Amino acid sequence: MVNLVSADWESISTQPVKQHRIIAAIDLGTNSLHMVVVKIDPTLPSFSIIAREKETVRLGDRNITTGELKPEIMEKAIATLGRFQEVAKTFDAETVIAVATSAVREAPNGKDFLHKVEAEVGLSVDLISGQEEARRIYLGVLSGMEFHNQPHIIIDIGGGSTELILGDSHEPRTLTSTKVGAVRLTSELINTDPISNVEFQYLQAYARGTLERSVDEVLANIQLGESHRLIGTSGTIETLALIHARNNSGSVPSTLNGYEFSLKDLREWVNRLRKLTNSERAAIPGMPEKRAEVILAGAVILQEAMTLLGVESVTACGRSLREGVIVDWMLAHGLIEDRLRYQGSVRQRSVLKHADKYHIKLEHSDRVAAFALSLFDQTQGTLHHWGTDERQLLWAAAILHNCGHYVSHSAHHKHSYYLIRNGELLGFNETEIEVIANLARYHRKSAPKKKHENYRNLLSKKHRQIVCQLSSILRLAVALDRRQIGAIAQIQCEYYPQLQQVNLLISPSQSDDDCALELWSLDFKKAVFEEEFGVKLVANLESSKLPR
């Protein structure tokens, strides 16, 4: 077995999953009821979302006089929960975990409603505090995004509350929950359509004033010299990211996880939204109809929070409370040793889950990845100057390069591009996924060409260069395991700048193996590498290992 990998996350077991557990998590929010059904892989540990359900119920639309949940809305919620349970059963979920947040928490008849839920549909719902909600949101975001031990502020704008969280991969530093939400502010502060100037000014001032205490608490826990990043979750931020993406590029990204937009753009959208009626907002491309009437209040909350926090952009994350409920359950059942272990390898676990999904021969992919990283490391600083981030992209592409076989052997490199590009790899942003997909696309056959649509999707010169250079390295790595039997134990790379030549010394695993097919494959594939780096590649088998 090739042993050329140094980083801890690269030593994760990539053997096929032996056992899965399926559970469902339901979030009874102020605006909507959501459910995710997940398949847990306890060996990694990680989970895959296999189903999502959502129903806009508006539990937050409570009786104005008493503050109680309305009977007709409670009935709708109970019917929805019954349907959710039936969906969970169809996936053989062993358990359904449900939590209720601010709308039920604040309603005088909230607990009566939960008793009614248990009596009528047999579902036990946990009523959680604002801070506990924030803690689980943090866990959910950690399950889908890398923090690299750097401080991140998470904002989750719900229907009835907004959570602001500060964390850095470890225990959260700050957990706050404030009674300012998109549904709450819409119902309490907006009575005109489109909103009047007076109401709009008050909406902004109210949001700002209510958020100040939470913002102060978060900022107080950021140490001098630390730079922080804002991560946004929830329907409000997903919708804003969606309409921003459609407006800017005319298309919808395959995943909004990692999508970033600026405070400047947000302010422009707030000014645009405030001038429109509800029906005009609903007509905006990408705007869900039931989101249109509360999107302005949600956007204003985000705008004021970003202004107070002093951040210039927000990055969307597709995971939040529901996923955090799953992680919390996994922690409670001993499936995760600690939060740091769970967070430390979001990207790598996601890649390995995709490898399992597409039935990749992991023993072969492991060797290809090890060879690719060895070539990367041994030519770093001479032939190229890429760093840790690009190295991880190369690893991911090496593991997944053959996933296109899942579709067809013919042109499988093109199928690999499609599967990776549309597979929603967690922990990577859109650009990084595009790079990984292109690297896999060019592990064989044609080199990158401008006429290829997938190559044109790489908008920057830097990312096109990454693909050109690292895909040529990946080609050599694939050649080094041509028979897929681990014929080569290790490689040693030497660069002679005066000759513009790279010598590759190959050590066979078996002393009597001449590795003829691997050497032939290297000779066949090396032209792209030679052209890309302007060198001549000379491969030699370590002679001392051969019989005399």
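User: Let's start with K116. Is K116 buried or exposed, or something in between?

Analyst: K116 is partly exposed, with a relative accessible area of 30%. Here buried means under 20% relative accessible area, exposed means over 50%, and partly exposed is in between (1.4 Å probe, protein chains only).

User: And what does K116 form a salt bridge with?

Analyst: K116 forms a salt bridge with E75, and their closest N and O atoms are 3.6 Å apart. A salt bridge is a side-chain nitrogen of Lys or Arg within 4 Å of a carboxyl oxygen of Asp or Glu. This pair links distant parts of the chain, as K116 is in helix α3 and E75 in helix α1, 41 residues apart. E75 is partly exposed too, at 39% relative accessible area.

User: How are those helices defined, and can I trust the numbers?

Analyst: Helices (H or I, at least four residues) and strands (E, at least two) are DSSP runs, numbered from the N terminus. This is a predicted model, so local features need pLDDT of at least 70 and side-chain atom pairs count only at pLDDT 80 or more, while totals for chains, interfaces and linings use all residues. Residues are numbered from 1 along each chain as its sequence is written, and side-chain values use heavy atoms, with hydrogens and water left out.

User: Good to know. How many salt bridges does the count come to?

Analyst: The count comes to 28 salt bridges. One of them joins the side chains of E94 and R21, at 2.9 Å from N to O. E94 lies in the loop between α1 (71–90) and β4, and R21 in strand β1, so the pair ties together parts that are 73 residues apart in sequence. E94 is partly exposed at 46% relative accessible area, and R21 is partly exposed at 23%.

User: What about E293, which residue does its side chain meet?

Analyst: The side chain of E293 meets that of R58 in a salt bridge, 3.6 Å from N to O. E293 sits in the loop between α9 (278–282) and α10 (295–309), and R58 in the loop between β3 and α1, so the pair ties together parts 235 residues apart in sequence. E293 counts as partly exposed at 38% relative accessibility, whereas R58 is buried at 15%.

User: Which residues are linked in a network of salt bridges?

Analyst: That network links E132, R135, R136 and D328.

User: Switching to strands. What order do the five strands of the open sheet have?

Analyst: The order is β3-β2-β1-β4-β5, with mixed pairing. At the edges are β3 (46–56) and β5 (125–127), each of which pairs on one side only. The twist averages 20° from one strand to the next. Two strands pair if DSSP finds at least two bridges between them. Angles run from 0 to 180 degrees between N-to-C directions, using axes that are lines fitted to C-alpha atoms, for helices over the stretch in contact (heavy atoms within 4.5 Å).

User: How do β1 and β4 pair?

Analyst: β1 (residues 21–28) and β4 (residues 95–100) pair in the parallel sense over six bridges. L28 stands opposite A100 in β4.

User: Which helix lies across β1?

Analyst: Helix α11 (residues 321–332) does, and α11 also lies across β2 (32–41), β3 and β4, running at about 135° to β1.

User: And β9, how many of its residues are buried?

Analyst: Four of the five residues of β9 (residues 229–233) are buried, so the strand is mostly covered. Five bridges join β9 to β6 (residues 152–157) in parallel, with D156 opposite T233. Two bridges join β9 to β11 (residues 313–316), also running parallel, and there G232 has A316 as its bridge partner.

User: Back to helices: why is α16 largely enclosed by the rest of the structure?

Analyst: Seven of the ten residues of α16 (residues 412–421) are buried, so this helix is largely enclosed. The buried residues are H412, H413, S416, Y417, L419, I420 and R421.

User: Last one: where is K111 found?

Analyst: K111 is found in helix α3 (residues 110–121). K111 is exposed, with a relative accessible area of 58%. Its C-alpha atom is separated by 53 Å from that of D366, 255 residues apart along the chain.
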